[in-house]
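Thanks for coming, everyone. Please take a moment to look at the sequence and the model on the screen, and then I will walk you through some of the side-chain contacts.

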Amino acid sequence: MFPDFVPVEFEGVSIISAVVFVFLFTGLGIYYRWDIREHFRINQNINQQKDILNEKLEDTNEKVDILFSKVNETNRNLSTMNTNIAAISEAVTWIKKYMERPNK
């Protein structure tokens, strides 16, 4: 039944060793296939999470760019308002001085 180079006897410990080895190799084969499948599943899950993270980062970068452009626009508007307020203040000061001088 077994080739001559396999030391198996059908008495005592040898047949038990053969049964143990069969179960051991079968179990190792099942474990190996399960391990490969789990590694593949975990890698797929990591890749999906990485893609989701990249999409969120791109979306966040776009939102930050929009926010910076809005802040820059607000700063320009505030600068223009400050310039206009300074011009109005100067005009009011000039009008006060003009009105305070005696008419000749």
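**Side-chain pairs along a helix**

There are two salt bridges in this structure, where a salt bridge is taken as a side-chain nitrogen of Lys or Arg within 4 Å of a carboxyl oxygen of Asp or Glu. Before I go through them, please keep in mind that this is a predicted model, in which local features need pLDDT of at least 70 and side-chain atom pairs count only at pLDDT 80 or more, while totals for chains, interfaces and linings use all residues. Residues are numbered from 1 along each chain as its sequence is written, and side-chain values use heavy atoms, with hydrogens and water left out.

One of the salt bridges joins Glu-38 to Arg-41, with 2.7 Å between the closest N and O atoms. Glu-38 and Arg-41 are three residues apart in helix H1, and therefore about one helical turn separates them; helices here are DSSP runs of H or I with at least four residues, strands are runs of E with at least two, and both are numbered from the N terminus. Arg-41 has 47% relative accessibility, so it counts as partly exposed, given that buried means under 20% relative accessible area, exposed means over 50%, and partly exposed lies in between, using a 1.4 Å probe and protein chains only.

Lys-63 and Asp-59 form a salt bridge as well, and here the closest N and O atoms are 3.5 Å apart. These two residues, Lys-63 and Asp-59, sit four residues apart in helix H1, which again means about one helical turn between them. Lys-63 counts as exposed because its relative accessibility is 53%, whereas Asp-59, at 35%, counts as partly exposed.

Let me now turn to the rings. How many aromatic pairs does the structure hold? It holds three, and rings of Phe, Tyr and Trp (its six-membered ring) pair if their centres lie within 6.5 Å, with planes under 30 degrees apart called stacked, over 60 edge-to-face, and the rest tilted. Phe-21 and Phe-25 are a stacked pair, because their ring centres are 6.2 Å apart and their planes meet at 20 degrees. Both lie in helix H1, which spans residues 13–100, and they are four residues apart, about one turn of the helix. Trp-94 and Tyr-98 are likewise stacked, at 5.7 Å centre to centre with 10 degrees between the planes.
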